[in-house]
Amino acid sequence: MKLEKAPNCPHCGKELDKYDTPSFHFADGLGWCTDFLYVCFNDDCSLYVNGKKYLWEKYGQAASYRYMVYPDTGQEDTIVAANPRLMEVRLAALKSQPEEENQEE
Ligand SMILES: [Zn+2]
């Protein structure tokens, strides 16, 4: 089911942020079949907090998961938030840019 607007995170209730698909690939290396994702960027999100704790205790890695949804299908997933703040920096960059809509026909 294609989503018309950003859904809310079931873990923390916060509205998800639109995030363009990372240029790097995760896990299966198959890449992303969509232009953007909806991602929960709430640092207090239970999924993020628990994921952080889990990865730290299990692997000694300062990484975590964030909740995400594919806008085209509404399919839920998690995205690895490794490399502290990388995604947040990217999100801030996205938000500081003016919307680049297709202005030329
Ligand atoms: Zn959340």
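1. In this predicted model, β3 and β4 make a hairpin, with 6 residues lying between the two strands. Within the turn, glycine 74 has a positive phi of about 80°.

2. Two of the facing pairs can be named. Serine 64 has alanine 81 of β4 as its bridge partner, and methionine 68 stands opposite aspartate 77 of β4.

3. β3 also pairs with β2 (residues 36-39), again in the antiparallel sense, over 2 bridges. Here tyrosine 38 is the residue opposite valine 69 of β3.

4. Is β3 buried or exposed? Of its 6 residues, 6 are buried, so the strand is largely enclosed by the rest of the structure. Ser64, Arg66 and Met68 point one way from the strand, while Tyr65, Tyr67 and Val69 point the other way. Both sets are buried, and Arg66 is among them.

5. The largest nonpolar core contains 14 residues. Leu16, Tyr38, Val39, Cys40 and Met68 have the most contacts inside this core. The elements contributing two or more residues to the core are β2, β3 and β4. β3 supplies the largest share, 4 residues.

6. Besides standing opposite valine 69, tyrosine 38 is one of the residues with the most contacts inside the core. Setting aside neighbours within four places in sequence, tyrosine 38 is in contact with Ala6, Pro7, Leu16, Lys18, Met68, Val69 and Pro71. Two of these partners, Leu16 and Met68, are also listed among the core residues with the most contacts.

7. Helix α1 takes in residues 46-59, 14 residues in total. From the first C-alpha to the last, α1 reaches 19 Å, close to the 20 Å expected at 1.5 Å a residue. Just after α1 comes glycine 60, which takes a positive phi of about 65°.

8. On confidence, the protein averages a pLDDT of 82, and 77% of the residues score at least 70. Where is confidence lowest and where highest? Confidence is lowest in helix α2 (residues 86-96), at a mean of 77. Strand β3 (residues 64-69) has the highest value, at 93.

Definitions and conventions: Residues are numbered from 1 along each chain as its sequence is written. This is a predicted model: local features need pLDDT of at least 70, side-chain atom pairs count only at pLDDT 80 or more; totals for chains, interfaces and linings use all residues. pLDDT is the predictor's confidence in each residue, from 0 to 100. The expected span of a helix is 1.5 Å times one less than its number of residues. A residue is buried if 20 or more other C-beta atoms lie within 10 Å of its own, exposed if 12 or fewer, and partly exposed in between; C-beta atoms are placed from the backbone. Two strands pair if DSSP finds at least two bridges between them. A nonpolar core is a set of buried Ala, Val, Leu, Ile, Met, Phe, Trp, Tyr and Cys residues joined through C-beta atoms within 7 Å. Two residues are in contact if their C-beta atoms, placed from the backbone, lie within 7 Å.
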